[in-house]
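Reader: I would like to learn how to read a helix at a chain contact. Please show me the model, then take me through it.

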Amino acid sequence: MLNHIIGAKKLHKYYEGEVRVHALRGVDLSIEKGEMVAIMGPSGCGKTTLLNCLSGLDDISKGKVWLDGKDLNSLSDNEKTEMRALNMGFVFQFYNLLPVLSAVENVELPLLLAGKNKMARKKAEKALDMVGLGHRYDHRPSSLSGGERQRVTIARAIVNEPDIIWADEPTGDLDTKSSDKIMDILCKLNEKNGHTMVLVTHEDRVAERAGRTLHMESGVIKKDHKNGDRVR
Amino acid sequence: MILILLFIIAIIIAIVTVDALRYRVLFRMGFRNIFRRKTNTVIVILGLMIATAIISSSFGVGDTMDNMVESEIYDEWQHTDVTIYNTTEMGDFVPISYETYLSLRSDIEDVDHVEDILGEVHGRTSIYNPNSRLSRSDSILIGTDLDEGEGFGPFYRGGKSFEPGLDQGEIFIDERLAEDIEAEKGDRLTLFTRGFPMGQNYTIREVIENEGRAAFRGDRKVIMSLQDGQSALALPEQINYIRVTSTGGIREGAEYSDQIAADIEEILKEDYGVLEVRENKNQVMEDFKQQMSAFTDTFFIFGAFVIIAAVILTINIFVMLGEERKSEMGMSRAIGMKRSHLRRVFSYEGVFYAAGSSMVGAFVGIGITYAIFFFLKDIFTTFEAEVTFSYESLLLAFCIGFLLTMTTILFSVTRISKLNIVRAIRDIPEPPVSKKSRKLFYLAIGGLILGALLTFAGMSSQQLWLPVTGISLIIIGIGTVVRRWVGDRAAYTVVGIFLLIWWLVPLELLDPFEGYSADIEMFILSGLFVVTAGIMIIMLNGSMITGAMEKFSGSGRGSKAVVLSAISHPLKEKFRTGMTMFIFALIIFAIIVMSMIVGVFNANIDRMIEEQSGGYEILGISDQDRPIDDIYGEIETNENLDINDFNKIDSAFRGMVPSLTEQGDMRRRSVIGVDSNFVDNSTFAFSDYMDEYGSQAEVWEAVMSDPSLTITNDPGDFGMPMDERIELGSTITFIDKDGRSSEKMVVGFMDQMIIDGFFMSKETVRTDFNLTSNSLFFFSVNEDVDPDQLGRDMQRELVPYGFQPIVIDTIFREMMSAQFMFFDLFSGYMGLGLIVGIAGLGIVSLRAVHERRLEIGMMRAIGFKRRMIKYVFIIENSFVTITGIILGTLLGIAVGWLLWYDGFKPMGWEFHIPWWPIISICVIAYFAMLFTAIPSAHKASKVSPAEALRFD
């Protein structure tokens with residue numbers, strides 16, 4: 001367990017409503033530090049729910065989730081928030097940038113929230129440089145293309161040098177060229193910086209670039225294989 | 001007060017500033033959000049400022065009233081600061097010898113700040129101008145020493161002061177009196193006074209202004225020399241009225257008047273027991289302001305509906321801002337923003353909105369105050385209202401508005417910040433609150449405890465609002481507990497129904513609360529609870545409305561699609577729709593209740609006049625100095641009056657008799673002595689009498705034969721002193737003519753408000769109080785006679801007696817007309833709430849266009865024409881508005897019925913629904929809404945499908 005940065009045991013998630021949805025049905029999982037894991041599966045199979053539950057964005061209904069050895073159930077909302085601010089980065093399909101902030105301000109936001117005010121701007125600029133947006137610091141999201149916005153999101157995700165980067169359909173809204181560019185950046189970050197990465201995707205092309213792929217169906221992991229190693 | 005509020009605001013701003021410096025990025029976000037959508041910002045500020053504007057306008061009304069009162073008092077009192085006199089049971093001033101006055105004067109001269117003292121004779125006179133054949137019966141006569149009293153200012157004519165001088169037989173009259181009787185300088189007038197009951201002629205030396213020394217005691221005044229005055233009032237070598245002026249001038253002198261009055265009282269107590277300090281300028285002003293504050297308070301209370309609506313609008317605005325930024329907030333939370341950070345962003349933004357809107361609102365309140373007094377000028381015909389707004393009021397309105405808005409914003413942002421990150425990021429709706437929600441369960445238990453506490457508190461204080469509110473909270477609490485098993489829809493629908501039943505049940509069915517006191521707060525609370533109940537029922541049973549609309553949506557091409565698209569959205573956004581509907585329903589409710597009251601009054605005005613008149617058309621009062629012993633004979637022998645015009649004529653003795661209150665204070669009360677003719681002829685109904693009597697006739701019989709019994713007006717009627725509880729069986733302690741206690745037990749209440757007083761037999765008032773002459777008269781006239789004309793004829797012909805007619809029908813209609821004007825004004829004031837509703841709907845509509853761009857694009861793509869999109873938005877807004885209007889109207893009618901049932905039905909009044917005003921209000925409200933809805937509908941229809949589908 002020591003090398004496992006992410007772990008889940010008998011993880012269940014129900015959505016209450018007019019009809020109760022059993023989204024995750026006892027998922028067992030462990031991810032090692034520095035791994036790049038893709039979660040695939042048909043729509044509604046629970047990919048995003050699994051990512052949300054593992055990252056602490058959503059509460060779990062039953063079971064346990066550990067992040068870096070800490071039981072998520074035992075953490076308060078503020079502690080989970082702090083953990084996200086200090087140790088995690090997020091990339092979403094629809095970028096979700098703050099429209100009132102410029103690119104560099106959006107990127108420095110996690111640092112400021114984590115109280116790392118010193119050098120925040122420099123680090124944000126460096127992160128933007130890394131994703132090839134050195135010329136777009138002061139642009140607001142509305143004046144950036146889809147691919148550029150997603151790169152700002154990646155810069156924001158890496159700016160605090162997190163242990164884990166969570167990406168939910170990071171290329172889902174992009175064309176092939178932009179999509180490849182984004183994956184190049186993510187793979188480079190994984191290889192060079194050793195960030196653990198968990199990404200949800202429905203594209204084989206994207207999943208193939210990850211070191212390991214989890215196939216989900218109806219709330220359970222049906223297949224778990226390393227690329228080149230196939231079914232394990 | 002202002003300092004405390006300013007201090008609180010300063011602390012808030014200081015905290016926000018320090019906090020903003022600490023969280024600069026959050027401040028930047030909040031600040032930039034303000035300018036993100038400028039139109040929205042303007043609408044938000046306009047919406048938020050309404051509460052402040054209402055508060056500000058009620059202060060404006062208060063300031064203007066205060067200023068009006070001050071101006072009136074200063075104008076009338078001018079240099080006079082303290083008055084010293086006493087009155088008899090007959091209302092005459094008690095005279096003292098001139099020598100005594102001189103002695104008193106020398107004592108008072110030593111009192112600090114006293115500048116001058118003036119001894120005069122004051123009395124009443126009737127005046128007849130033979131040239132114009134016009135008369136006045138109610139004029140004031142003042143005999144004054146023109147060589148003295150410099151400290152009271154000069155006399156004025158034609159805008160300039162002049163040196164006064166009066167020879168014997170010469171008088172000054174004021175401009176108002178001159179105008180009334182069409183008299184001018186040099187005319188000879190006949191004055192009827194106690195000294196000259198058959199009349200004495202005087203020549204007008206000057207027509208003077210009511211300014212300076214002559215201003216005191218209002219208009220319609222005759223001034224003559226002290227000697228002439230003493231002769232006219234049969235007070236040789238005597239005075240009966242002393243005025244004192246202080247060294248401080250007209251305004252500043254008022255500051256000394258309390259102290260001077262207290263010092264003089266000490267002097268009087270020692271050596272001049274017959275006199276007393278009756279009024280001082282400051283006290284009169286304070287008393288008057290106190291009376292006027294009730295009027296100001298009424299504005300504030302009626303404004304409460306609008307303030308509540310504005311608070312709801314504030315919540316709605318922020319909830320919508322929250323929804324608009326939901327996805328950003330979700331992402332912010334995901335990357336490490338805490339809930340407190342989200343609250344901060346909104347709070348920084350909120351401080352700007354609160355400050356901006358409160359500032360704008362405070363000034364808009366001035367405009368509303370102007371509008372109020374523009375309409376009030378028809379009511380206050382005798383006062384000149386100059387709209388006044390003090391800096392303090394402006395500041396206070398700003399402070400209260402700011403704190404109210406800020407509190408509402410903080411409440412709203414706390415709600416907003418509690419979002420689920422995943423749902424927020426993906427912009428999916430929040431699921432319904434779990435049946436097993438512990439938080440709701442605890443809230444329910446809290447509600448039950450609070451409800452029980454309020455109910456018990458009400459039982460000990462006998463305040464109706466406490467148990468009624470307490471039991472309502474208990475109903476809601478039980479519903480919230482029960483929802484765990486039956487779900488929201490069943491639980492809260494039943495809660496809504498129970499609340500409606502509870503608030504709409506007539507008081508007579510609530511035996512345990514009989515005798516509890518209730519005031520206007522019940523009106524406000526009933527509005528809040530019944531409207532909330534109605535909204536709960538509607539919003540939780542929206543599917544029934546959808547079903548019904550589907551059925552009746554017609555068979556036109558696409559009409560079903562348009563209707564369903566239109567109503568499904570508001571029913572999905574329950575909180576937002578419910579809040580907007582609530583605003584409309586609450587305001588319409590309040591206006592309809594007012595219309596219902598006016599409607600019931602209007603429908604029953606003839607009956608009310610008939611009841612109040614007691615079978616008479618004209619009431620007459622003669623001067624008590626000059627009573628009419630044989631009114632019948634007087635009319636019969638008068639060649640200009642025809643005794644055949646009258647059906648019956650009755651007379652009574654009347655006087656103001658000293659009595660002791662429950663607290664042992666002295667109070668003069670009106671006493672009326674009637675005879676058997678009055679008892680037989682009058683038809684005044686009784687609202688209640690003691691059980692031991694079988695009928696009204698028996699009550700009268702007992703009072704006429706037993707000198708220890710009396711009948712009085714119903715204490716619930718207007719005009720009766722409300723500061724003491726007079727009940728059946730209460731004993732009133734009068735002081736008889738010999739200074740002994742004379743106790744009279746109240747055995748019946750007459751249901752009339754036209755003659756105020758305690759009714760006894762003529763014999764009793766003669767024996768006990770020495771009231772011996774007829775000065776109150778009741779006339780019943782033939783059907784073909786015009787009471788107004790006959791009243792005028794009688795006033796002219798009976799001028800020697802100072803006869804004043806009161807035509808009951810006319811005076812009542814005038815009174816009711818003034819009352820209705822107030823109701824109209826209050827309705828108009830509450831109508832401002834419609835602006836809140838319309839603004840609220842405007843914001844919802846604009847937001848809806850923005851929020852549903854993608855949906856609009858999709859609708860256009862699948863075949864909705866531009867026209868159909870427009871209809872969708874208009875129908876959607878119409879659905880919210882019409883539902884709110886219908887709900888408010890139905891509940892308003894129901895509460896109106898309740899008011900009638902509890903208050904007017906026992907008096908035999910008919911129930912009436914004023915359909916025409918109600919329909920007008922509803923139509924105006926609807927079309928006002930369309931004014932805002934059409935532009936946003938138009939905007940929606942202009943959305944290009946291609947652009948919308950690409951919209952992010």
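Author: Start with H9(B): eight of its nine residues are buried, so H9(B) is largely enclosed by the rest of the structure. Buried means 20 or more other C-beta atoms within 10 Å of the residue's own, exposed 12 or fewer, partly exposed in between, with C-beta atoms placed from the backbone. Helices (H or I, at least four residues) and strands (E, at least two) are DSSP runs, numbered from the N terminus. This is a predicted model: local features need pLDDT of at least 70, side-chain atom pairs count only at pLDDT 80 or more, and totals for chains, interfaces and linings use all residues. Residues are numbered from 1 along each chain as its sequence is written, with chains lettered from A and ligands numbered from 1 in the order in which they are written.

Reader: Which residues of H9(B) are buried, and what covers them?

Author: They are Lys326(B), Glu328(B), Met329(B), Gly330(B), Met331(B), Ser332(B), Arg333(B) and Ala334(B). The cover includes helix H2 (77-87) and strand E6 (88-92) of chain A, plus helix H8 (281-324), helix H10 (339-376) and H12 of chain B. Contact means C-beta atoms, placed from the backbone, within 7 Å.

Reader: What follows H9(B)?

Author: Gly336(B), with a positive phi near 120°.

Notes
Two residues are in contact if their C-beta atoms, placed from the backbone, lie within 7 Å.
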